[in-house]
Structure formats: C-alpha cells, structure tokens
Amino acid sequence: MEIPRLSRRRFLGLTAAAGVAAALGVPLLKKEASLAQERPKARYALIIDTTKCTGCGACIEACRLRNHLPEGVSYIRRIVKGNERNPWFLMIQCQHCANPPCATVCPTNATYRREDGVVLIDERLCVGCKYCMQACPYQARVYDEERGVADKCWLCLPWVLGGGLPACVEACIPGARLFGRADDPQSEVAQLIASGQAKPLHPEFGTDPSILFYVIEA
Amino acid sequence: MQTAWGWLPAIYLFLGGLGAGSLLIAALFEFYGDRDRYDFFPIPLAGATVSGPLLILGVLLLIFELGAGRREPWRILYMFTHFSSVMTWGVWLLTFFIPIALIYGFLEVLDTFPAACQWLKGRRWLRWTAFLWNLPLRRTKRVFAGIGSALAVGVAIYTGILLSAVGPAIPLWSTPILPGVHLPLMPLLFLVSALSTADALTVDILTTLFAGGRFRYSRRTHLIHLALITAEALLISHLLLHAFGEGGAAAESARQIVLGQHAPVFWIFIILLAIIFPLVGHIYAAGLGWHMLASGLSSGISILLSGLFLRYLILISGVPAFL
C-alpha cells in the first residue's frame, strides 16, 4: 500500500519540476520580440559602387561608433584589390543572403532571416560556437569576445525602420553607398539592380545575397 | 587560414573520433573476434571502457570552447533545437551515444570480472536492481554493442561532416570523395582515422601494456591496422592532390600544409608519425604475430599524436574561399 502513495508523490513532484522548467524555458526561447515580429514593410537594397569607393574607411569607423564596437573591430572589412598602379577596394559586410549558410549551420537558431530579408542574430540564443563564422563564405562575422557571441552587420535596422540610414551610408564621403527600397521600381537602387550594373557578390556560392549589391568595373 | 577554431575543437574532434572508434573496435571483436572463447579478452574490454569517458572529456572541452554557452550553460540546451545544423545532429548523437557507451563498458567489465558481478549483487542498496540480474549478460551486452556501433559510426562521421558542411566557405574542408561526386571526403577520412587511433589505443597501447605476454590475438588484427594506416595515407594524399588541382583557396591550403607554415607539422606528425613509423611497426608486429612492448607503445603513441595533429592541421589550414 505504500508504493502507490510514494509514486503519486513523486509524480506530483516531477510534474511540478517540469512545470517550473517550462515556465523558465519558454520565455528564454522567445525571439527578440521587437525586431522579429514586426511586419516587414519594405525590401531594402544597399549598393556599393566600387568605382567611387576610395577605401577611406569612414564607413568602417562609422559602423564601429554607432554599434559601440571596440577599437579595431567593425562589421565592415576592407579588401584591397587590383595592383599598385590601380588599386580598388571591396568593402565586405553581411550580405543578408536569402539562403544564409550561417543560419543553416547555427545549432541554436540564433541567426534568423526576417521576412524583409534582413538577417539578424538573437544574441540571447547564441552559444558562441563560432560555427557560423566558419560557414559564412564572405567572412562577414565578427566575434564579440566580451559577451562570447557572434555578431555582424544588422543594417542598422532600428534606424532604418525609423526612416534613417545605416551608419556606413551616412558616413560615406565619396557617396559610393546607395541605400533604398528595392521594391519601389522608381528608386535609384531598384533601377541600378534592374539595369544589371549592381550585382550580388559571388553568386556561385549559392547564398543568394538579397540586400547587398556591388557595382564592379569588369 | 581560419582562426576561429584552434586547439580545443581539434582535441574535441580527435576525442570524438577516438571514443567512437574504440567502441567500434570493441564491437568488432565482440562480434567477429571469438570473444566468447575467452574469459578475458583485453581488446574489447579496453575499447568498451574507454569509449564513454573519452567522449565525456571531449564534450567538456567543447563546452570550454563555447563563448556565451560557457558562462550561461543553459544556453547549451538550445543546441538541441535546430535540425538543419550538423552541430545539432552531433549533440543528439552524443546524447544517445555516451550513455550507451558507458553501459556497454560497464557490461563488458561485468562480463570480464564475475567477481564484480557478485560484489554488486551482494549490495543491499542495489536490491532494487534485482530484476536486471535476470537478463542474459552476454546477449544484453551484444545489444548495446550493436546499437553503440551504429551510433559510433555516426559520431565518427559527424566529426567530418561538421567541417564539410561549411560548403564553399572553406574549400579544403568540402573536398569531394572523388572529383565530380557530391560526397565529402572529410567524413571518410575522419572515420578511418578514428578507427586507426582507436586501434592504436586499445590494441597497441592498452592490450600490449596490460596483457602483453599473456594474451595472443590474431595476426589479422595487425593486418587490419595496416590496411587502416594505408587507407589513411591514400585519403590524405587524395585530399592534398585534389586541393592542388582545384586551385584557389584549396590549393593555398594544400600549399600551407606541404610547403608553407604548417609543413613541419605535416612532415613530422603526419608523414612520419602517422604513416611511415606505424607502417614499419605494424609490418614488424604482423610478422611477429604480436606487439613487443616497445613497438606497441611507440607506434600506438605516434598514431594517437598524429591523429590529434591531423585534426589540428586540417582545422588550422582551412583557408577561406574569399579573403
């Protein structure tokens, strides 16, 4: 007669424990509500005209300042191309791929893609395994040593949603960066993309970049 | 060269392969090695008992490698949730593999040492396990060996798929098995290396050390190990030749390995310690029929070291496709 009473008590205990675990776990698993659930209103495009870019690095520093990154860290990276007579510069940041390999390999689903194409990281889910940094063929990710999470360009989304511009676009001295809505056929970015002058970088990776485009002289 | 993953992931990949391979070696002798004809058979005993603890050590090291996951360990639970990620598959595989490997090792100990069985049966605080003692020990053990070896193949292959899954980002890691075939080489290489290092640990080192003079095992054991070492050598040369042929970042990876800054590691720890020295040692042992203490220990240790350096070399020389 003792055994059923004991098992019932244990059952109740287990149920309570499971309930507590669920109550604690569910809020932790929720995404950043403000950015993830807002209905998308636009499709954005950021075009970098490498024929105008002087490689000055103002975008790199503006990005660093706006995102409060430590000295020497930025979401934008400069690659020098060409030769000593005729160098040109390729500024690399998150390409906001439609098929992002970083999100595929992320074991915790911390990286996700909004409906408007912006790829974001929910840093509360990130465990800091750095797998995404290996999988990104553009090497667009940086590691936040302080918090131990992966980090990258987020298109300055709160500014953009509020009608502003990404810091790199605002800071660009030669005006090589164009930001606009690709879903508006009248916009300059849409026309550049439609004319075929602005192209995604390395489409052979199969990542289908959906926001970043480059004008590169052949 | 990539800098995000260094020594800790290399050790983790190595221990994952070693632990999985040890269980495979143990199961191999369990099913095909006349295990039942002996009361004491050191190879499956060694393989089954080290497997689980090695994996636990590897997982602990992996947790140290994590950033936020180390400081806030509950985040590790999120790693079970995203099934498009190879890492999530690995976490699930390890979740099932580690307990099964531990149980298999425990049953192997009970089977080898009946005195341990008697001692456990006599404990009053273990009375609630009485129903377990009615199970046939050997057959239960074989069930765990079977399930465990299926999972072990998965774990060993997973350590390779983890690298090859980055696709175009790091061309060396996604080298195909054959040109034009869309199957990555890395899982096969890591599986062969896992078996070879596990063979080195269980047969060359532990069996020679603790049962050297008293136990005679089949000469085929050495022939199997010779085949594994040869296969590993062929796979490594295929990896490098394919990388040189492909050009670009893959060729740069191969150049760094063979001629560049990682060349000392490659020529000393891979060519010499993984291939030439163990080949000589095992041809000698195959001729003799068993390992001398010196040949067993030296070739065993060199294979283990080289297995670790192979992972490290492949990790560190992963040149991104796009700089």
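Helices here are DSSP runs of H or I with at least four residues, strands are runs of E with at least two, and both are numbered from the N terminus.

Before going on, the ground rules. This is a predicted model, in which local features need pLDDT of at least 70, side-chain atom pairs count only at pLDDT 80 or more, and totals for chains, interfaces and linings use all residues. Residues are numbered from 1 along each chain as its sequence is written, and chains are lettered from A and ligands numbered from 1 in the order in which they are written.

α8(B) has 27 residues, and at 1.5 Å a residue it should span 39 Å; its end C-alpha atoms are 38 Å apart, which agrees. The expected span is 1.5 Å times one less than the number of residues. Among the buried residues of α8(B) are B:His225, B:Leu228, B:Ile229, B:Leu235 and B:Leu239. Buried means that 20 or more other C-beta atoms lie within 10 Å of the residue's own, exposed means 12 or fewer, and partly exposed is in between, with C-beta atoms placed from the backbone. The buried residues of α8(B) pack against α7, α9 (248-258) and α10 (263-288) of chain B.

B:His238 is also in α8 of chain B, but it counts as partly exposed because it has 18 C-beta neighbours inside 10 Å.

Next, the packing of α7 on α8 in chain B. The axes of α7 (residues 186-211) and α8 (residues 220-246) come within 9 Å and cross at roughly 145 degrees. Axes are lines fitted to C-alpha atoms, for helices over the stretch in contact, and angles run from 0 to 180 degrees between N-to-C directions. The crossing of α7(B) past α8(B) is left-handed, that is, the near helix is turned anticlockwise from the far one by less than a right angle; clockwise would be right-handed. The α7(B) side of the contact includes B:Leu188, B:Val192 and B:Asp199, and the α8(B) side includes B:Thr221, B:Ala231 and B:Glu232. Contact means C-beta atoms, placed from the backbone, within 7 Å. By class, this contact of α7(B) with α8(B) has 10 nonpolar, four polar and two charged residues. Nonpolar covers Ala, Val, Leu, Ile, Met, Phe, Trp, Tyr, Cys and Pro; charged covers Asp, Glu, Lys and Arg; the others, Gly among them, are polar.

In α9(B), the buried residues include B:Ala249, B:Glu252 and B:Ile257. Their cover includes α8, α10 and α11 (293-316) of chain B.

Over to chain A, which has eight helices and 10 strands. Of its 218 residues, 39% count as buried. Residues 24 or more positions apart account for 56% of the chain A contacts with a separation of 6 or more.

Two backbone angles in chain A deserve a mention. In general, most residues other than glycine have a negative phi. A:Lys130 has a phi near 70 degrees; it sits in the loop between β5 (119-121) and α5 (131-135), and it counts as buried because it has 22 C-beta neighbours inside 10 Å. A:Gln139 has a phi near 50 degrees, lies in the loop between α5 and β6 (142-144), and counts as partly exposed because it has 18 such neighbours.

How many residues of chain A are in contact with chain B? There are 28, and they meet 31 residues of chain B. On the chain A side, α4 (101-105) and α5 each give two or more residues, and α5(A) has the largest share, four. By class, that side has 18 nonpolar, eight polar and two charged residues.

Last, the largest nonpolar core, which has 155 residues. Such a core is a set of buried Ala, Val, Leu, Ile, Met, Phe, Trp, Tyr and Cys residues joined through C-beta atoms within 7 Å. Those with the most contacts inside it include A:Cys132, B:Leu23 and B:Phe97. Helix α1 (residues 7-32) of chain B gives the largest share, 14 residues. Not counting residues up to four places away in sequence, A:Cys132 touches A:Cys102, A:Val105, A:Cys106, A:Thr111, A:Arg141 and A:Ala150.

Technical notes. Two residues are in contact if their C-beta atoms, placed from the backbone, lie within 7 Å.
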